[in-house]
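I opened this notebook to record what I looked up in the structure.

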Amino acid sequence: MRGERQHYNVTLVFLALAALAYALQQTMIVPALPSLQREFHTTTAWVTWLLTGFLLVSAVATPLLGKLGDQYGKERFLLVSLLLFFVGCVAAIFAWNIWSLILFRAIQGFGGAVFPLSFAIVFDEFPKEKVGSGVGMISAILGIGGGLGLVLSGVLVEYASWRWLFIVGAVFVGVAALGVWRFVPESPLTTPSKIDVLGALLLSATLVALLLALTEGPTWGWGSGRVGGLFVASAVLAYAWVRTELRVEEPMVDIRMMLQRTVLFTNLAAIFTGFAMFGAFVLLPSLMQTEPSATVPYGFGLSPVQTGLYLLPGGLLGFFAGPLAGRLGSRYGSRQPLILGLILASVGIAWLALFHAHPVEISIGMVFIGMGVPFAFAAMAKLIIDAVRPSETGVATGMNTVMRTIGSVIGGQVGAAIVTADTIGHTHVPAESAFIAAFWVSAIVAAIGAGLARLIPLRASATALAD
């Protein structure tokens with residue numbers, strides 16, 4: 001039975017489960033960071049590395065494993081990604097100090113490759129008319145899981161233990177890996193080529209320097225020599241990487257493909273979408289759990305579980321938004337749902353800036369965001385797949401995922417910087433105006449992303465690259 005072609009819906013179930021496992025682990029850690037800081041008697045800077053390390057490894061591993069999947073088998077390297085992810089989850093359950101947990105979270109970052117490899121498998125295995133909805137569902141899960149991760153984390157931290165974050169993660173990843181091994185066939189489409197070792201190293205170094213500067217900027221100081229040096233190093237390494245990829249016979253990433261109009265503006269839109277999503281998601285639990293008082297004129301004093309319940313409706317809507325975006329993209333072109341998704345996200349985040357006097361108002365804003373972000377993510381993946389050659393789907397969608405990650409890190413750091421800079425009196429409690437400003441920034445960024453998406457051609461085709 002191993003390797004037989006299964007009905008595409010069976011394949012989609014396990015690919016979607018793998019994507020959900022990654023999306024949950026990406027955000028479930030956020031509400032648990034204060035508890036983990038107390039548990040391990042560590043600083044805010046070091047506990048933040050539980051998210052930073054995960055994102056760094058994910059950004060580096062995603063395009064590498066995507067490229068290797070294009071060359072040597074997509075199902076094979078999807079299993080490699082999931083097995084490393086599973087090892088990281090299981091090891092994290094038994095972490096004994098902050099250093100071990102940071103290491104195991106970094107290993108979990110290899111799970112980021114599930115997205116480009118799953119997109120490529122859908123493209124190879126699904127009927128042509130079902131590719132859009134399949135890609136839409138998997139891509140939208142990054143936004144859906146982000147919201148659900150915050151909800152589930154609150155329940156586990158409040159009623160169980162932080163170790164259950166990784167027990168749940170291991171169960172999801174383990175079931176997904178078994179399902180992929182048993183039911184997802186190996187793609188017949190591979191592209192044998194040489195491994196571009198230098199290109200891979202330069203890209204990895206570029207991303208590490210950039211993301212390290214972005215994540216450590218608030219701690220080290222944005223004007224510090226270390227942060228400035230990392231930004232300069234990232235720019236120099238990026239230049240060297242581009243020069244290398246243009247000169248080698250078989251580059252890891254075809255720069256000309258990356259500069260093709262559809263790919264370029266879709267990747268730029270991915271940065272803005274990631275910024276808007278994290279700029280809003282990361283701040284909401286803090287806003288909703290703040291206890292109002294005579295000096296703090298906002299907040300609801302909610303528990304993590306109550307916070308999650310108010311955020312849940314927006315997260316659930318994403319399960320319908322992804323496939324719908326795929327169907328609309330098949331009929332009208334994927335540019336339209338991308339623009340619509342970013343507009344909905346912008347409206348929802350702007351609503352949060354204007355109306356946040358009651359938890360129900362937060363839920364209303366999350367309805368728009370919960371539809372808009374998955375809509376945008378789903379459309380991006382389909383735009384990329386339609387614009388590149390079948391042999392490049394893994395690495396091209398992998399780079400798009402990296403752009404989302406970079407945007408998410410920037411959005412999260414900008415939001416944190418805004419609420420840190422504007423506090424009430426001499427306390428460390430953010431002022432209400434800080435949350436309002438941060439939401440407006442994210443709403444404007446989403447609107448700019450919608451404007452960039454209008455520069456994407458109505459219909460993308462890989463034939464342009466073949467000319």
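I looked up the lining of the largest cavity and found Tyr22, Gln26, Leu142, Met277, Phe377, Thr401, Arg404, Thr405 and Ser408. On a 1 Å grid over the protein atoms alone, a cavity is a set of points where a 1.4 Å probe fits but cannot get out, and lining residues have an atom within 4 Å of a point. The model is predicted: local features need pLDDT of at least 70, side-chain atom pairs count only at pLDDT 80 or more, and totals for chains, interfaces and linings use all residues. Residues are numbered from 1 along each chain, and side-chain values use heavy atoms, without hydrogens and water.

I noted a volume of about 70 Å³ for the largest cavity. α1 (8-40) and α16 each give two or more residues to its lining (helices are DSSP runs of H or I, at least four residues, numbered from the N terminus). α16 gives the most, with four residues.

I then turned to the second largest pocket, which holds about 440 Å³ of space. A pocket is an open set with protein on both sides within 12 Å along at least five of seven lines. Among its 19 lining residues, Trp241, Met258, Met399, Met403 and Ile406 are the closest to its centre.

Lastly I checked helix α14 (residues 335-354) against helix α15 (residues 359-387): their axes, lines fitted to C-alpha atoms over the stretch in contact, come within 7 Å and cross at roughly 155°. That makes α14 roughly antiparallel to α15, a term for angles over 145 degrees.

How values were computed
Axes are lines fitted to C-alpha atoms, for helices over the stretch in contact, and angles run from 0 to 180 degrees between N-to-C directions. Angles under 35 degrees count as roughly parallel, over 145 as roughly antiparallel, 65 to 115 as roughly perpendicular and the rest as oblique. Grid points are joined across faces, edges and corners, and a volume is the space filled by probe spheres set on the points.
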